[in-house]
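Subject: Structure handover

Hello,

Please find the structure below. My notes on what was found in it follow.

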Amino acid sequence: MVKERKLRVMVAKPGLDGHDRGARIIARAFRDAGFEVVYTGLHQTPDSIVLAAIQEDVDMIGLSSLAGAHRYLFPEVVRLLKERGVDDIVVVGGGIIPDEDISRLRSEGIAEIFTPGAKLDDIVNWVRENVKPRSG
Amino acid sequence: MDMASAVEKVIAGDVRTVARLIRDIDDKVPEVREVLKDLYVHTGKAYVIGITGAPGVGKSTLVDQMVNHYRKLGKTVGVLAVDPTSPFTGGAILGDRIRMQRHSLDDGVFIRSLATRGHFGGLTESTRSAIDVLDAMGKDYVIVETVGVGQDEVDVVKSAQTTVVMVIPGMGDDIQAIKAGILEVGDVFLINKADREGADKTFNELRQMIDMGHNKYGGDKWKPPILKAEAVFDRGVAELLETIEKHRNYLLQSSGEKGLAKKRERVRQELAEMVKSRLVQEVVEHLVGSGEFDRAVDAITSGEKDPYSACDELLVSKLGALK
C-alpha cells in the first residue's frame with residue numbers, strides 16, 4: 001500500500017468548563033498538520049467522549065480543561081477506555097493544570113500534559129512522534 | 001483487523017469492528033474489499049436519507065432532531081457526516097458531532113464523521129461502502145449529511161433513496177447554487193430557519209423552479225414538496241419525517257418495471273464509480289510508486305516533453321496499447 005493512513009484525533013472538552021478557545025486553536029493546529037480532527041464541543045462527559053472516540057476510531061484523545069476538574073475527568077476517560085478494552089487510543093491533556101498534578105495524571109495513564117505557554121509546533125511534533133495511525 | 005471474523009461482528013452490531021472497518025475503507029486498505037464482498041448480501045435493509053445544503057443552513061442540527069424522532073419511534077440510526085478536507089494541508093476539522101453528541105450514549109445510534117480527502121480520495125465510493133457497513137450492522141435508517149457542492153458530493157447524495165435539500169431564507173445566491181445541479185437531486189426541499197425574513201420569497205422561488213421542470217414531474221411522477229422548519233426548535237421535523245415516508249411509499253409503489261429501471265440505473269452508476277476509483281487508485285498509485293509519474297512531471301517541467309504525450313506514455317506503460 002503506497003498510501004499512508006491518516007492520523008485521526010479527537011479534541012474534547014469534558015466537564016462544565018465553558019472555555020473552548022484553546023481547544024479550537026489546538027483543533028486548527030492539528031488540521032493544519034494534516035490530521036483529521038473530530039471536535040466534540042463543550043460540556044462532554046467522560047462517557048460520551050469515550051463512546052464517540054470509539055465510533056470515530058481515533059488514534060488520540062486530547063482533553064482540554066481550564067476549570068480545575070482535570071484530576072477527576074482525565075483519569076476517568078482513561079479508566080472508561082480500559083473498561084471497554086480499548087488500549088490503543090493515546091490520551092493527552094491540556095489546560096490550566098498545576099505542576100503538582102502533572103506527575104499524578106501521568107501515573108494515571110495520561111500520556112502527556114500541555115500547559116499554558118506550550119507552543120503549537122511542539123504539541124504537533126509530540127503527537128507526530130508519539131501517536132501513530134493504527135495499522136491493521 | 002481479523003477480516004474473517006469482521007463480517008460476523010459487523011452483523012452482530014459490534015461498534016468497534018464497524019468503526020475500524022470504516023477507517024479501513026477510508027484508508028483504502030485492500031483487504032477490506034473481501035469483507036465488503038461478504039457483507040453485501042446483508043445490505044439493502046436500511047433506508048438511506050441524504051441531507052445536503054450550503055454550510056450554515058443547519059444540517060447537523062436537523063440530523064440531530066431527526067435521530068431523536070427516529071429513536072422515539074424505536075428505530076435505529078446510523079449517521080455519516082461528511083466535512084471537507086483542507087486542500088492545503090490534507091487535514092480536516094470534523095465538527096458535525098457537536099450538535100449530535102447527546103446521542104453518543106445511545107446504543108441505537110452510530111455517528112461517524114468522514115472527511116472528503118483529496119481528489120484521488122474516492123469519497124463517493126468510500127461513503128457508499130460506509131453506508132453498506134451501517135446497513136449490514138442493522139441500522140433501520142442511515143442519514144448521510146454533506147455540503148453538496150461539487151460532483152463528488154452530488155454523487156454521494158445520489159446513493160440516498162430520499163434526498164433532502166436544505167436552504168435558508170435570504171440567501172438569493174443560494175438559489176443560484178441550487179440551479180447548478182442540486183435541484184435535480186432533491187426529493188424534498190426544506191427551508192430551515194423559516195422564522196427569518198424572506199422565507200415566503202424563498203418558498204416561491206423554489207416553487208417556481210420546481211414547476212418549471214413540470215415535465216419532469218408530470219403524470220404520476222414525484223413532485224418535490226417544499227417544507228418549512230426551524231430545526232433548532234424541533235419545528236417542522238415531524239412533518240419532514242412524514243414526507244420522507246411518503247416518498248418511500250412512492251418509491252415502493254413505483255417498483256415494478258419503472259422501479260427496476262431506476263435500480264438498474266443506480267447500480268450502473270455505483271459500478272461505474274467503483275471501477276473508476278479502483279482504476280485511478282491502482283494506476284496512479286503504481287505510477288507514483290514506481291517513480292514514473294514524477295519522472296514525467298520532471299520532463300514536462302523542464303520542457304523536454306508535452307503533457308499530452310507524457311500522459312499517453314504513462315497510460316500505455318500501465319494499460320498497454322491505447323486506441
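To begin with one residue: apart from neighbours within four places in sequence, V67(B) is in contact with V77(B), V79(B), M100(B), H103(B) and V109(B). Two residues are in contact if their C-beta atoms, placed from the backbone, lie within 7 Å. V67(B) sits in helix α4 of chain B, residues 59-72. Helices (H or I, at least four residues) and strands (E, at least two) are DSSP runs, numbered from the N terminus. With 24 other C-beta atoms within 10 Å, V67(B) is buried. A residue is called buried if 20 or more other C-beta atoms lie within 10 Å of its own, exposed if 12 or fewer, and partly exposed in between, with C-beta atoms placed from the backbone. Between the C-alpha atoms of V67(B) and P307(B), which are 240 residues apart along the chain, the separation is 50 Å.

Before going on, two notes on conventions. This is a predicted model, in which local features need pLDDT of at least 70 and side-chain atom pairs count only at pLDDT 80 or more, while totals for chains, interfaces and linings use all residues. Residues are numbered from 1 along each chain as its sequence is written, and chains are lettered from A and ligands numbered from 1 in the order in which they are written.

Helix α4 of chain B also holds K59(B). K59(B) is buried, having 27 other C-beta atoms within 10 Å. Leaving aside neighbours within four places in sequence, the contacts of K59(B) are I51(B), G53(B), E145(B) and M166(B). V167(B) is 108 residues from K59(B) in sequence, and the two are 9.6 Å apart in space, C-alpha to C-alpha.

Chain B as a whole

Chain B has 13 helices and eight strands. Of its 323 residues, 40% are buried. Among contacts in chain B with a separation of 6 or more, 72% are between residues 24 or more positions apart.

Seven strands of chain B form an open sheet with parallel pairing, in the order β4-β2-β5-β1-β6-β7-β8. Strands pair if DSSP finds at least two bridges between them. The edges are β4 (109-115) and β8 (226-228) of chain B; each has a single partner strand, so one side of each is left without a neighbour in the sheet. On average, neighbouring strands of this sheet are turned by 20° against each other, direction ignored. For such angles, axes are lines fitted to C-alpha atoms (for helices over the stretch in contact), and angles run from 0 to 180 degrees between N-to-C directions.

Within this chain, strand β1 (residues 47-52) and strand β5 (residues 141-146) run parallel and are joined by six bridges. T52(B) has T146(B) as its bridge partner in β5(B).

Domains of chain B

The division is into domain 1 (1-42), domain 2 (44-254) and domain 3 (259-323), with bounds from an automatic or database domain assignment. Between domain 2 and domain 3 of chain B, nine residues of the one are in contact with nine residues of the other. On the domain 2 side, α5 (123-136) and α6 (151-158) of chain B are the elements that give two or more residues. The largest share of that side, three residues, is from α5(B). By class, the domain 2 side has one nonpolar, four polar and four charged residues. Here Ala, Val, Leu, Ile, Met, Phe, Trp, Tyr, Cys and Pro count as nonpolar, Asp, Glu, Lys and Arg as charged, and the others, Gly among them, as polar.

Chain A has five helices and five strands, and along the sequence they follow the pattern β-α-β-α-β-α-β-α-β-α. Buried residues are 46% of its 136 residues. The C-alpha atoms of chain A fill a box of roughly 45 × 35 × 25 Å along the principal axes.

The contact between the chains takes 29 residues from chain A and 32 residues from chain B. On the chain A side, α1 (21-32), β2 (36-39) and α2 (46-56) give two or more residues, and α2(A) has the largest share, seven residues. That side divides into twelve nonpolar, seven polar and ten charged residues. Three bridges also join β2(A) to strand β3 (residues 92-94) of chain B, and the two run parallel. V38(A) has L94(B) as its bridge partner in β3(B).

Regards
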